[in-house]
Amino acid sequence: MNTQHSGNILLVEDEENLHEALKLNLEIEGYTVTSAFDGKKALEAVGNEYFDLIIMDIMLPELDGISATEHIRIQNIDTPILILSAKDATADKITGLKKGADDYLTKPFDLEELLLRVDKLILKNRKLQDRETVGEEYSFGNNQIFFSAQEAVNWQGKKIDLSKKETMLLKLLIENKNEVVTREKILQAVWGYNVYPATRTIDNFILSFRKYFEKDSRNLQYFHSVRGVGYKFTDEI
């Protein structure tokens, strides 16, 4: 009996028979599969939905797989990408990996090998995302957060009751302190969304955090928006 897997996969392949065969086999394994048949549609899908993995053919209409991979990485999206290609030339493999692909499989390939690679890439990515955790309490400046109690005490000594989502977002930003956390990662980790709502959803939370914890809204110390990319918590201590 096969172990059922979970994960949301974007399958980008324009060869219809192969596409349908891969989609069917991935779904049998328990994955949710979204289809795209050209590079431009792939970029649209990535902009609107969270994926645990992208399977990307190289020879695509509209925009080839190497260029699509490069566009995805430029947007600071770190979803694992497995490239499929009929080309066996070492130079093509190197180009794909240089542009940001995580793995490379040459057609024709063994289905079992593909499924193993898919499983390994998704598991590796999840382990990387879960690698850092903070304890039950965290202090920055004269602010203190108590995660389990969903409470905070700010620099003025004022007690703040935090919602579950506020607590989860604070924890995610603090676990990645001094690094930009993409909007994609926040919405998937905190809201569990596959299809994204407006950026304003997170902006409102960041504005609340500034109101709670920043001393001067014109000279931000902790909660920053990075235009077009995501959000960052900074704590130099």
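Student: In what order do the strands of the open sheet come?
Tutor: The order is β2-β1-β3-β4-β5, five strands with parallel pairing. Strands (E, at least two residues) and helices (H or I, at least four) are DSSP runs, numbered from the N terminus. Two strands pair if DSSP finds at least two bridges between them. This is a predicted model: local features need pLDDT of at least 70, side-chain atom pairs count only at pLDDT 80 or more, and totals for chains, interfaces and linings use all residues. Residues are numbered from 1 along each chain, and side-chain values use heavy atoms, without hydrogens and water.

Student: Which are the edge strands?
Tutor: β2 (32–36) and β5 (103–106), each pairing on one side only.

Student: And what does β5 pair with over four bridges?
Tutor: Strand β4, residues 81–85, in the parallel sense. Ile-83 stands opposite Tyr-104 in β5.

Student: Now helices. Which strands does α2 lie across?
Tutor: Helix α2 (39–48) lies across β1 (8–12), β2 and β3 (53–57), at about 165° to β1. Axes are lines fitted to C-alpha atoms, for helices over the stretch in contact (heavy atoms within 4.5 Å). Angles run from 0 to 180 degrees between N-to-C directions.

Student: How do α6 and α8 pack?
Tutor: Helix α6 (164–175) and helix α8 (200–213) pack at about 80°, axes 11 Å apart. So α6 is roughly perpendicular to α8 (65 to 115 degrees; under 35 is roughly parallel, over 145 roughly antiparallel, the rest oblique).

Student: Which residues of α6 meet α8?
Tutor: Lys-165, Glu-166, Leu-169, Leu-170 and Leu-173. Their partners in α8 include Phe-205 and Tyr-212.
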